[in-house]
Amino acid sequence: MNNHSLNFPRRLPDSRLGEKHDTLDAFHRVVRHSRKNIRESKEYTLVVVTETSPQAETSTSTRNNSKSNNGIPHENLSSRAKSTRILLGMKNRGFGRGYYNSFGGKFLNKEETVEACACRELEEETNLKVRLDEMTKSKVGIQRYTFENDPVEMIMHVFRINLEKTSANKSSRYNVRGCDEITPIWFDSINTIPFDNMFADDSLWLPTLLLSPTPIEINGSYHFQENCQETNTILYYHMDIQEKKIQFSMEQRLFHTLHKNHSNLLSIKEFKECYSFCNAVRTTFGKNKRKSNSFDIVIDVAGGHGALGALFLICTPAYKAIILDPANVGGGRIQQAWEDFMGKQKRLTYRRECLRTGLPDELEQALKMTSRQRVLVVACHACQHLSEEILEIACHFGVHAAVMPCCQKDRSIGSTWKAASKNLSIPVAKVMDILQCGKMMALGSHNVRLKCIDSKITPQNRIIVCRALDENELIESRRQNQSEVDKAHSRLELVYRKAHTVPHSRKQSNSVPIFQTFVVPSMVWYIAAGFAAGFLSATSLRKNGTRS
């Protein structure tokens with residue numbers, strides 16, 4: 001308490017902070033009469049916003065790390081307090097009006113997650129936009145509140161967002177603005193936090209959170225006196241403070257494990273390229289609902305150290321990966337480093353041979369052990385002619401393939417595509433990759449996709465993924481293609497007829513018969529003409545006989 005009083009002069013006195021209980025059971029025993037009356041629990045979010053200068057972080061890490069009984073270094077308290085500022089909000093209405101508080105609120109609906117609610121409330125009340133994944137990592141605990149003679153329990157999910165502040169940008173780059181409910185105000189040092197104008201529990205958990213040199217989680221329970229907004233006094237409380245466990249992603253675990261014992265084997269750029277390549281290919285095949293798209297055997301052409309093949313063993317059901325490369329790179333140290341991730345049932349083997357002889361032979365052997373739908377050929381950053389040859393061989397054997405080409409050049413006579421790329425303002429490398437996709441699509445045996453990884457990792461970030469079609473898919477694909485061709489011919493024929501048919505004018509006079517429009521069978525015409533001629537001849541002869 002002495003350290004907190006020294007660094008936070010406006011902290012509430014201990015007489016307002018209640019009786020501390022070391023265990024949660026002890027706390028529950030003294031408040032059991034109130035807990036029995038709880039009829040409703042309401043959940044909220046609360047986001048603590050701070051900003052620490054980089055100089056303070058450096059000096060803190062280099063100073064003496066001697067700790068007091070509560071785990072806080074003695075010599076670092078004052079410097080940490082002076083170099084950290086905090087953003088608080090003055091409540092203008094509602095519960096807590098007239099008090100300073102951090103930012104948050106209640107959920108919109110039952111579907112909204114805790115992290116999404118925290119992000120939304122923070123943006124509404126301060127205009128600070130925090131990504132959902134950042135908010136998820138920044139949770140620091142849950143605070144529970146009960147009140148004398150009140151049937152409602154409040155549950156607060158607490159987060160801490162520490163904004164970056166660099167010496168090159170001394171002016172605030174954050175456009176902070178409030179709303180009608182709350183007015184945000186920066187306090188330039190946490191020494192000046194107005195605890196005497198905040199709820200009493202803030203004087204307990206907030207100083208501990210701000211002064212801890214390591215990430216911590218605080219889960220607290222506080223029982224307030226009746227009419228807490230007027231009395232603002234805690235009767236009993238319990239706080240459980242634990243060092244926050246940092247959870248690493250699979251990517252981070254793999255990289256740190258590799259460099260723990262083999263620091264010179266793989267650079268961070270090479271690792272990120274391999275991991276992103278593997279993840280992009282895996283998810284592309286995973287989007288197809290057909291179960292046959294998992295792999296048994298992966299052949300990594302020009303794989304060198306074997307990291308890409310090993311990653312496919314770790315991230316997919318494949319049980320065997322062959323690294324095909326004439327150069328001896330790494331000496332099998334990848335398997336030694338990641339053996340715990342791969343397990344004893346999976347094998348990573350190396351074949352020191354060139355592509356043209358080694359790949360066909362490996363594919364022949366693989367197809368004796370499994371179906372072509374469960375074989376994948378990969379190559380990360382293979383030069384253009386090598387990528388083309390890999391795809392041709394893979395398609396000849398009817399297996400899956402995925403390559404990330406590099407060193408693309410226009411090898412056509414007269415550099416036709418280089419000129420076209422210049423006219424279209426498209427880099428020639430992208431044009432050549434698209435042409436390669438078109439070439440593979442024209443074969444009709446594979447479903448072709450062009451995937452991209454983060455260009456920050458590498459500018460050559462395009463992956464040509466060719467998924468081999470099975471027999472049923474090939475038949476259906478050919479049927480659909482033929483159907484599309486037939487439809488196209490029908491449409492073309494219809495357009496041709498319309499274009500070459502001259503319609504008769506509708507403005508011609510009705511008194512002038514257009515004989516061409518009457519189509520009469522020839523035999524009927526001749527019979528009718530004969531009857532007419534005979535009738536006219538008989539009538540003429542009858543008239544002549546009468547006159548004589």
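Modeller: In this predicted model, the axes of helix 16 and helix 18 come within 12 Å and cross at roughly 15°.

Biologist: What makes helix 16 and helix 18 roughly parallel to each other?

Modeller: Angles under 35 degrees count as roughly parallel. The axes here cross at roughly 15°. Helix 16 and helix 18 are therefore roughly parallel. Their crossing is right-handed.

Biologist: Which residues of helix 16 and helix 18 meet?

Modeller: From helix 16 come Gln384, Glu388, Leu391, Glu392 and Cys395. They meet Met432, Gln436, Lys439, Met440 and Leu443 of helix 18. By class, that contact has five nonpolar, two polar and three charged residues.

Biologist: Helix 16 also packs with helix 15. How do you know that helix 15 and helix 16 are roughly parallel?

Modeller: Compare the angle with the cut-off. Helix 15 (residues 355–369) and helix 16 (residues 384–397) pack at about 30°, and their axes are 11 Å apart. The limit for roughly parallel is under 35 degrees. So helix 15 and helix 16 are roughly parallel to each other. Helix 15 passes helix 16 in a right-handed crossing.

Biologist: Which residues does helix 15 bring to helix 16?

Modeller: Helix 15 brings Leu355, Arg356, Leu359, Pro360, Leu363, Glu364 and Leu367. On helix 16 they meet Leu386, Glu389, Ile390, Ile393 and Phe397. This contact of helix 15 with helix 16 has nine nonpolar, no polar and three charged residues.

Biologist: What about helix 17 and helix 18: what is the angle at which they pack?

Modeller: The angle is about 120°, with the axes 9 Å apart. Roughly perpendicular runs from 65 to 115 degrees, and roughly antiparallel starts over 145. The crossing of helix 17 and helix 18 is right-handed. Trp417, Lys418 and Ser421 of helix 17 make the contact with Val428, Val431, Met432 and Leu435 of helix 18. These residues divide into five nonpolar, one polar and one charged.

Biologist: Where is Ser425 found?

Modeller: Ser425 sits in the loop between helix 17 and helix 18 (428–443). Its phi is positive, about 60°, although Ser425 is not a glycine.

Biologist: Why does Ser425 count as exposed?

Modeller: Exposed means over 50% relative accessible area. Ser425 has 65% relative accessibility, so it counts as exposed.

Biologist: And what is the phi of Cys407?

Modeller: Phi of Cys407 is near 55°. That is a positive value in a residue other than glycine. Cys407 lies in the loop between strand 14 (400–406) and helix 17 (416–424). Its relative accessibility is 52%. The cut-off is over 50%, so Cys407 counts as exposed.

Biologist: Why is Val152 called buried?

Modeller: Buried means under 20% relative accessible area. Val152 has 18%, so it is buried. Val152 belongs to strand 6 (residues 152–164).

Biologist: Which residues is Val152 in contact with, leaving aside its neighbours within four places in sequence?

Modeller: They are Glu40, Lys42, Tyr145 and Phe147. Glu40 is 112 residues from Val152 along the chain, with 4.9 Å between their C-alpha atoms.

Biologist: How do you know that the span of helix 19 agrees with 1.5 Å a residue?

Modeller: Helix 19 (residues 471–500) has 30 residues, which should span 44 Å. Its end C-alpha atoms are 43 Å apart, so the span agrees. The buried residues of helix 19 are Glu473, Leu474 and Ser477. Strand 16 (462–468) is included in what covers them.

Biologist: How many residues has helix 11, and what does it reach from its first C-alpha to its last?

Modeller: Helix 11 (residues 268–286) has 19 residues and reaches 26 Å. That is close to the 27 Å expected. Its buried residues include Phe271, Cys274, Tyr275, Phe277, Val281 and Phe285.

Biologist: How many helices and strands are there in the protein chain?

Modeller: The chain has 20 helices and 16 strands. Of its 548 residues, 44% count as buried. Among contacts with a separation of 6 or more, 69% join residues 24 or more positions apart.

Methods
Residues are numbered from 1 along each chain as its sequence is written. This is a predicted model: local features need pLDDT of at least 70, side-chain atom pairs count only at pLDDT 80 or more; totals for chains, interfaces and linings use all residues. Side-chain values use heavy atoms; hydrogens and water are left out. Helices (H or I, at least four residues) and strands (E, at least two) are DSSP runs, numbered from the N terminus. The expected span of a helix is 1.5 Å times one less than its number of residues. Buried means under 20% relative accessible area, exposed over 50%, partly exposed in between (1.4 Å probe, protein chains only). Axes are lines fitted to C-alpha atoms, for helices over the stretch in contact, and angles run from 0 to 180 degrees between N-to-C directions. A crossing is left-handed if the near helix is turned anticlockwise from the far one by less than a right angle, and right-handed if clockwise. Contact means heavy atoms within 4.5 Å. Ala, Val, Leu, Ile, Met, Phe, Trp, Tyr, Cys and Pro count as nonpolar, Asp, Glu, Lys and Arg as charged, and the others, Gly among them, as polar.
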